[in-house]
Amino acid sequence: MVSYGQAHIVYDSSINGHFIGKYCSVFSDTAAVSPFQKVVGNPGLFTPSHGDVINLGVDNKIHWVKFAVVNGSSENKIVMNLAHSIIDDVGLYVVYPDGHIDSTLVKEAMPVDQREFKHQNYIFNLRIAPGDSAVCYLSLKGSKQILVPLSLDNTPSIVYNISITDLISGIYFGIMIGMLLYNLFVYFSVREKSYLHYVHYIVWVTLTQAALQGYGHRFLWSHSVWLTENMVNICGALSGISALYFVKSFLQTRKNVPRLHLILNLIIISYLVSLVLLVFNQRIVSYHLIDMNATLCVLFILYSAFRLYQKKYKPARFFIIAWTLFLVSCCVFVMKDYGLFAYNMITYRFLQVGSAAEVILLSFALADNINILKKEKEESQAEALRIAKENERIIKDQNIVLEAKVSERTEELKSANEDLNIAMNTLKDAQTQLVESEKMASLGQLTAGIAHEINNPINFVTANVSPLKRDIALIIDTLGKFEELALGDEMDQVAKKQKVASLKEDIEYDYLMTEIDYLLKGISEGSERTAEIVKGLRIFSRVDEDDLKKVNIHEGVDSSIIIVNSLLNDKIKIEKHYGDLPLVDCYPGKLNQVFLNIISNGIHAINKHFDGKSGGIISVSTNQLGKDHVQIHIKDNGMGMDEQTAKKIFEPFFTTKDVGEGTGLGLSIVYNIIKKHNGTIEVNSEPGLGAEFVITIPINQ
């Protein structure tokens, strides 16, 4: 005989699809271990349930639900439907009056195609003949919220009910997929980053609903036990993270509300922690943390939107409406889970309705945001066009006034330009003469009877070159400013005259022209005197030869040493270490000038280091480098130089000699001659240890 202990259910067609929770009694085993024999043998363990849908919360316990049923219909089978697909384990034990027991165990991870009913809900056949009765025991265990929406149906009724359920869910998923594709298309069209974040959000919200409704297990991850057990948590966490990234991008929280931006980042970190907990099999803790994060996420998102709406940030309008609607749907869904609202089709589907409406409204918000940006861009372009037209009008007016003045001023500038070109040509001629004078100075300084004659004119020219370069540079700079002033349209004629007068006053124009004339005359006189000396020296030198010849390098070095012999004063030794060199293509006179300049500089450095006493040595060595080059090493044990000085010695007019002792052109000329030979010159030196010049030139040019 079956003992019911609570009102039994008389099944007939009138209760098809109705929840039977108020006819059930519940026992939750705190030991988390409940053998069926223990439960069936202790009817006093059960407590009557009073709601249509039993809410068992989230914990590690094994829960038992008991009900008695009498088949008052003509059906041979009664179909029991437990419409909550995310319970981990569901076991059904049916005890018949004769003591016979039928048992069935279904796990959430069991693939749908292996179940008796190919559906994500837990559906069982109760084989109770018409007029017979039985006591049913359900064992339930889960790591997520356990609701027991339990109903009894016949086969046609259950097929109809789950078809309606699938149809409603299909409409929802169709809306979500449609909005996903629409926003993805818009993203590829406008490349707005907010759309990409929004697409991610739609994906994870849709998958969250698929996981909660069991469709994910049914169609997507049916054969993965781990995903089936954890996908509700994973999708919940990732939907929250994607929502926060979308909010940060759409509302520009980093710029508009930086403190709230930091809080949103902290919530993202908390979501990530909930995902890490899944790795360590802490599903219940993870579930509670995700619920808490979801509440904080929605509240802070709404708060951020309200703050920006108060700041007149227009895109926040649709955003507030969408998230408020979503928050209400979340609250209804959660309150249903905790028994504050009745479990029915409306409360069960309200989250789907809210999320679908939110997705649609947020799409409007994104579109509105694009329209706002477009409008602002059009206004900016219109303003820019207005300013451009106004500038065009002003420019036309100015052109009419300035056209005649510009023409007149252009003629004046052309005349001044011609005068400056003449001055520049004169300066170039003077500079050329100065370089040639330096070449001759190197030779003359080392030849008895010439040094005194050539020093004076070269020093005179050198003294005038520096201020002349400065004055000419100032004139050129001012000429550029005159040209800019003449060609520019921003100033009227009076302003231009004032600017010209100001520029002339700045450079002291009258004094400058007098000084240039004086310097040019001085250079001219020095050049004429130098030319006369060079003229007399040409018969002793080949510096003017411009033809390549094959020569013996050693002969050129020896001739240079002979020329400087009078400067050695028997106090400086010349050491020669010649290698076996072939004839080399070169400009003989110019290469001899290189040797002469370097050796004379070495003599100067030795005299300064030894203060005119004995001990100085100049070493000249040669060698062939590979098949194609020769090297000449000229080394002295004079003063030497530091690294900074060594970097500048080949620059024109740089010299370390005292005033009157050198012009700074000697090594510059050396560098250019070696460059003309397609060779290189390097210097190795340390202060107090002398200097070594290494010349490398090709054998064949």
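The lining of the second largest cavity splits into five nonpolar residues, one polar and two charged (Ala, Val, Leu, Ile, Met, Phe, Trp, Tyr, Cys and Pro count as nonpolar, Asp, Glu, Lys and Arg as charged, and the others, Gly among them, as polar). Helix H16 (588-610) and strand E17 (629-636) are the elements that give two or more residues to this lining; helices (H or I, at least four residues) and strands (E, at least two) are DSSP runs, numbered from the N terminus. This is a predicted model, where local features need pLDDT of at least 70 and side-chain atom pairs count only at pLDDT 80 or more, while totals for chains, interfaces and linings use all residues. Residues are numbered from 1 along each chain as its sequence is written, and side-chain values use heavy atoms, leaving out hydrogens and water.

Strand E17 also turns up in an open sheet of five strands, ordered E14-E16-E17-E19-E18 with mixed pairing (two strands pair if DSSP finds at least two bridges between them). Strand E14 (572-577) and strand E18 (680-685) sit at the edges with a single partner strand each, so one side of each has no neighbour in the sheet. Strand E16 (residues 616-625) and E17 run antiparallel, joined by eight bridges, and Thr 622 stands opposite Ile 632 in E17.

As for the helices on this sheet, helix H14 (residues 553-563) packs against it, touching E14, E16, E17 and strand E19 (691-698); contact means heavy atoms within 4.5 Å. The direction of H14 makes about 175 degrees with that of E14 (axes are lines fitted to C-alpha atoms, for helices over the stretch in contact, and angles run from 0 to 180 degrees between N-to-C directions). Helix H18 (residues 666-676) lies across E18 and E19, at about 135 degrees to E18.
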